[in-house]
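Hi everyone, thanks for coming.

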Amino acid sequence: IKSVHPNGPYRLGGYCTGGQIAYAIGCSLRKQGDDVELVAIIDGNAPGITLTHPSVWSSKRISCILKSLPFWLVDYKDLGLAGVWQRLRKKLRFNRFTKRKLIGAENYVVEDVILDNPTQLPDYQMNLLVTELNAISKYKPENYDGQVVVITSRYPTISQAINGPLDPFLGWDRLVRGKIKRYEVRSTHRNIHLPPYCFELADYLQDELKRADGKNWAVDKVC
């Protein structure tokens, strides 16, 4: 970044684990005294933060399930049998790694990673993804005193809705000491960056870039 753009202001952003990387870069740049105008995190959980899990029968969880049902029906229809099978494989691989961690495994390997997209990435990209996951798993995040935008998907996966965390800020409000704002895209995690949902995402990002131009943030937290 410095070799291409030696001096700020900087505007950073990333999707999923890319959001965690953007946050880490923002922390590093601010420590060096650089001007970071914006960090945009697109549907990625805050690293190192234990998110709260509402009880199974809580009104929050029941409301989330009822709200998500119509979208799930359409989404899983669009996925088709191959996509649903891919989603199940991904869940099984995650559980496999969790079990390996219990017996001392510290790092992901390529065999642990299954993508939502049935089309497998080239080997060099898969190896890069595994390196990224291992780096993030060991990353100890710092508090950040700059401006952060968190853009989340409205609809969780079925397993997350039933027994996962339902944190609107995905834990980032516990790390960010500056101003933080949240937007919600009517999508799931897997398709927030795909048409037609990406157009809503793009509108939010464009609004924040324009706001960064004017440097006018009137609120500390929006949900």
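Let's start with helix α3, residues 123–138: at 1.5 Å a residue, its 16 residues should span 22 Å, and the end C-alpha atoms are 23 Å apart, which agrees. The expected span here is 1.5 Å times one less than the number of residues, and helices are DSSP runs of H or I, at least four residues, numbered from the N terminus. Bear in mind that this is a predicted model, where local features need pLDDT of at least 70, side-chain atom pairs count only at pLDDT 80 or more, and totals for chains, interfaces and linings use all residues. Residues are numbered from 1 along each chain as its sequence is written, and side-chain values use heavy atoms, leaving out hydrogens and water.

So which residues of α3 are buried? They are Met126, Leu129, Val130, Leu133, Asn134 and Ile136 (buried is under 20% relative accessible area, exposed over 50%, partly exposed in between, with a 1.4 Å probe and protein chains only). Down the axis of α3, the buried residues fall within an arc of 165°, so they line one face; the arc uses directions from the helix axis to the C-beta atoms. Tyr124, Leu128 and Thr131, on the other side, are exposed.

Now the rings: Tyr23, Tyr144 and Trp172 form one aromatic cluster (ring centres of Phe, Tyr or Trp, its six-membered ring, within 6.5 Å; planes under 30 degrees apart are stacked, over 60 edge-to-face, the rest tilted). Tyr23 is buried, with a relative accessible area of 0%, and Tyr144 is buried too, at 2%.

Note on methods. Helices (H or I, at least four residues) and strands (E, at least two) are DSSP runs, numbered from the N terminus.
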